[in-house]
Amino acid sequence: MSTHDNPDERTDDDGSVARRDFLKGAGLAGLVGATGYGAAREFLQMERLEVVDDPIGDYPYRDWEDLYREEWDWDSIARSTHSVNCTGSCSWDVYVKDGQVWREEQAADYPRINDDLPDVNPRGCNKGACYKNYVHGAQRVKHPLKHVGDERGDGKWKQISWDQALTEIAEEVLDVMEDGDYDGISGFTPIPAMSPVSFASGSRMINLLGGVSHSFYDWYSDLPPGQPITYGFQTDNAESADWYNADYLIAWGSNVDVTRIPDAKTFLSARYGGAKTVGVFSDYSQTAIHTDEWLAPEPGSDAALALGMARTIVEEGLYDAAHLKEQSDMPLLVREDTGKFLRASEVPGLSVGAGDDPEKVMIMQDAAGDLRIAPGSLGVREGEFDPGSSIELDFDPQLSVDRTVETTDGQVAVRSVWDRLRERLAEYTPETVYQQTGVGRETHQRVAREFARADRGKIIHGKGVNDWYHNDLGNRSIQLLATLTGHIGRNGTGVDHYVGQEKIWTVNGWKHLSFPHLDKSGTGPRGMPTTLWAYYHSGVLDEADPKLRERIETSIDEGWMPMYPEERADGTRPDPRIFFVWRGNFYNQAKGNTFIRETLWPKLDLVVDVNFRMDSTAINSDYVLPTASHYEKYDLSMTDMHTFVHPFTPAVEPLGEAKSDWEIFRLLSERIQELARERDVGPIEDRSFDRELNPKTLHRDYVRDWIDDESGALEEGKDAAEFILRNSGETNPPDSDEEITFEDTVEQPRRFLANGGHWTSPIEEDTAFAPWKNFVQRKDPWPTYTGRQQYYIDHDWFLEDGEALPTFKEPAEELTDEYPLRYLTPHGRWSMHSTWRDDKYMLRLNRGEPVVYLNPADARDRGIEDGDQVRVYNDVGEVQAQAKFYPSSEEGAIRMNFSWEDYQFPGGNNFNSPTSMLLKSTQLVQYPEDSGEHLHFFPNFWGPTGVNSDARVEIEPVEGGEHG
C-alpha cells in the first residue's frame, strides 16, 4: 500500500518516529503549532520523549507533565445555571479550583423524553461558557456603594458598610410609610422563571410593605398582546422538542439561531426529520440562511403578509371547517347596526339556563336556520376557566350567515364573524399584499397552500413582530393562519411564541412566595403595567393627542388599568418615591430613554439597585447593593423551551461582601422592622385592601411560611427554593405520591410531573409538551368572552379604530425626507439583553463597541465607510456608534442590537434614545368592560407594551470619526 493512502501510519525516510506517535507526546501538539513540524522532529531526535504504545492501560508517570495536569485539575464541581432572560435555562457544571470558578461545562444530563425526539442535550452557548468572567471580573460590585455626586449618573461613589446602607435605605422606606405613600414604593424585576427565589426576594418585601410590583414582559416589548386577545391566555407554548413533530415549520420574526441558541439544533433536526422550513424575516437573518425558503416582508408589514396568506386559504377552501365551527368565533352572529355580538338577551324566546347571564351569551345559527346558544359563552359558564363546561356541539352551526333577526329592538340585520372576516380578507389581494410587503404575489400564496395542506403545521413566532406599535394586529393575523387550518391543539402544531423566559411552571409556589398576602382573599398584590407607569410619570401624557389622553384617563378612572401612586381623597396624585431594581436593567431598557432620564428619574427620592455589576441602572442609582453571582446562590431555573427544572447551587462563596438577593432583602426587612419599632411606625391600614401593613413585623412575616404557618421557615434561599417545589402542582402533584425535591434537581434536571392546573395541556410521559389540548381535544371553553379562539372583539374602542377583526395598519412612524431610515433594535448574538455586553470575549466577537448595521447602498449615499463613527438621530434623541456594512439588510433600515450599556456610547446616550414613548390605547381596555374575564390587567398577561421599532432616523458620519 502506498504510504500516501494512510498518512497517519507513514514513517519518515530516516526512520524517525511517525508523526502520529510524535503527537502522542504530551504537550507536543502545542509545540508543533508553535514552532513547526521541523522543530518537532529535531526535538524527537534528541530522544527526550518515549513513544507510548498504550496511553490508557500502561502510561508511564513523567513528572514534567504535572504542569498540564494541574492546569486541568479542579477541587469541586457544582451544578448551576444563568439567570438571564434568554429562554435557554441550561444546566451547567461549574468547576472550582482554589476557591475560584475555573471553567464551565454544559451538564448535558437532561433525561430523554423519548428516543424518537432529538436529545435536548447539550444546552448552552458561548455566553454561558464565559460567565466565570463575571464571577471574578472587574465589573463585580463587591461592596455596598452610595452615590455622593450632585446628579445621578455622574460616577461619584463612596464605599459604605452594609450596616450604613441598610439603615439609610430603611429610614427612607419608613419615611414614605409614615407619609402614607407606601404605594409610591415600586419594585422592578423581570421574568420569575429564570430564578424565582431571587424574583421573590424583593417582591415579597415590597408586597408586605404595600408597594407596587411592576410588569416587565410588556416593558421589554416582548409581550404579544394578540395572544390574550385571541386565546384569553398569555403565551402557552410547546417545548422545542415538539418542533420535530411538525411537517411544516415557519420561523416568523424569531431568529432561532441567534436568540434560541440551545434549541436551534432542534429546528435543524426538524429538517432532517422531513419538515419543510420557512423563514419570515425582513433581513437575510442567521436563521433565514438555514431555511428551505425565505420570505422578506417590509419591516412592520407582517399582518399584511399573514392576511394575504389567510385570504388564499379561505378562497381556495383549504380551511378546516369543523375546527372553525367548534373552536373559533367564526359562526357567531354580529349585529350590523352596532357591530356588537348578538346576545341571547336580545332575542325573544331564546332562553338560557337558570343562573346564566344572557347578556354574555352569544348566538349561532344551525343548519335548519334556527338560532342556537353558543356553548361555552361566558354567560353560561362558571367564570374565566370552567372545565365543567364544554364547547362540544350537538348541532351543525353555519359559518356563513347573512340574515335579519327579530330582536327586542325590532328587525336587525346580522352576519356571522366568518362572513365579516371574508369581507376583510378580500382586501388583501395578491397585488395589494405585494405592494404592502414586497413579497411576491405567487410566493405567499404557495406558502399558504403548503402550510394548509401539511398534516402538522407550526409557526415559531418571535420578537420581530412584537416591537411594533401595531404588534397586536401582527400577532392576531399570524395566529389566524393556525386557526383557519386547524393547526392547533395537537403535537407538531400551533403558534409558539418565544421571547424571553416568560413561562414559570411552578406558579403556585412562586406566587405565594412572592406575594404572601395572596393567602388573604382580596389583598393584592399591587401590580402595575410598567409602560403605562413610565409613560404617565414621564410627562408624556401632557403631550399626548387628545384621544389618547382621554382613553388613558378613562382606563384609569374605570379601573381597567391601575395607576400608582393612587389618587388621594383630595384629588391629588403623588409622584412615585422609591424604586427598587434587581435582576434587571430598567434604565437600559427604557423606551423613550430621554423622557425617563429627564422627567421620571428626578421625581424619585431613592433608587436602589441590587446587582452584581455596574450596569446602566446601577450607574444611575443612589445605592448599589452587591448581590451574589449566579454561581454563588441557591435558586431554581425553568423555561417554556423545555419541561425540566434544575437548580442554582453555590459553587463558591460570594465575592467580597456580596450576598444573595434573598439575604439582602431579608436583612433589609430586618432593619426596617428594627427601626419601625424604634420609631413606632405601624401598623397602617391599607387604603385599598382589607389588611394592615405592619413594618414592625416585617422580618417576622418575611421569614414565615404563610401556607403552613411556620415561623422562621424561610431564612435561607434554599428554604425558599424548597418552598416553591413543595407548594407547586408541577413538582408535588396533590394526586400523586411522586415529588421533586431540591436535592433531586441537583442530582439531575427533572421533568415536571404534572401541569399543576396552570397550563393548557397535560404533561404526558414520552410526549413533548404542546399547548391547547384541554380546549381542542378535551373541549374545555377557551378563557375568552365567547369561549372560543376569538378574532372578533366588539369592545367600543376596537370597533371605533377598525380593529374588531385583524387588519393591517402601517407602522406609526411617518416617512419623511428628514428622517427616511427605519430604526430597528433586534436582539443580538453576543449578549443576553445587557448581560455580557461588557464581557471582553463577547466584545472581541463584535468589534468591541456599539455597532449600527446598515445596507452598503444606504451608507454610500451618505458618504459612510465601514468602521466610521456615525451619528443616528431624530427629533427625540441621538446616539453614536460604529458603522458596519450589513449586505443582508434591506435598504432603508438600520439596526442596532438591543441593550448596549449607556456608558459604552460617546456622550452617555442610550440605544433607546431615538425611540419615542408610544402607547396603543386599545391595549388599555378591560373586556368585558364590567368584569374583564377575557382581558384584564395582570402583570405580564395584558397591558400596553413598549414600542421599539416605530422610529425614523437619519444617519451621518461624525466629523473626525472616519474609518482608519
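Reply: Helices α19 and α21 are roughly perpendicular to each other, a label given to angles of 65 to 115 degrees, whereas angles under 35 count as roughly parallel, over 145 as roughly antiparallel and the rest as oblique. The contact, meaning heavy atoms within 4.5 Å, is made by Trp533, Ala534 and His537 of α19 and Ile596, Thr599, Leu600 and Lys603 of α21. This is a predicted model, in which local features need pLDDT of at least 70 and side-chain atom pairs count only at pLDDT 80 or more, while totals for chains, interfaces and linings use all residues. Residues are numbered from 1 along each chain as its sequence is written, and side-chain values use heavy atoms, with hydrogens and water left out.

Me: At what angle do helix α19 and helix α21 pack, and how far apart are their axes?
Reply: Helices (H or I, at least four residues) and strands (E, at least two) are DSSP runs numbered from the N terminus, and axes are lines fitted to C-alpha atoms, for helices over the stretch in contact, with angles running from 0 to 180 degrees between N-to-C directions. For α19 (residues 530–537) and α21 (residues 593–603), the angle is about 95° and the axes are 9 Å apart.

Me: Which residues of α14 and α15 meet?
Reply: Helix α14 (residues 430–437) and helix α15 (residues 441–453) pack at an angle of about 105°, with 8 Å between their axes, and they are therefore roughly perpendicular to each other. On the α14 side the residues are Pro430, Glu431, Val433 and Tyr434, and these meet Arg441, His444 and Gln445 in α15.

Me: Is alanine 78 buried or exposed?
Reply: Alanine 78 lies in strand β1 (residues 76–80), and, leaving aside neighbours within four places in sequence, alanine 78 is in contact with Trp92, Asp93, Val94, Thr649, Pro650 and Ala651. Buried means under 20% relative accessible area, exposed over 50% and partly exposed in between, using a 1.4 Å probe and protein chains only. Because its relative accessibility is 11%, alanine 78 counts as buried.

Me: Why does aspartate 817 count as exposed?
Reply: The place of aspartate 817 is in the loop between α28 (796–800) and β27 (821–824). The C-alpha atoms of aspartate 817 and serine 269, 548 residues apart along the chain, are separated by 46 Å. Aspartate 817 counts as exposed because its relative accessibility is 80%.
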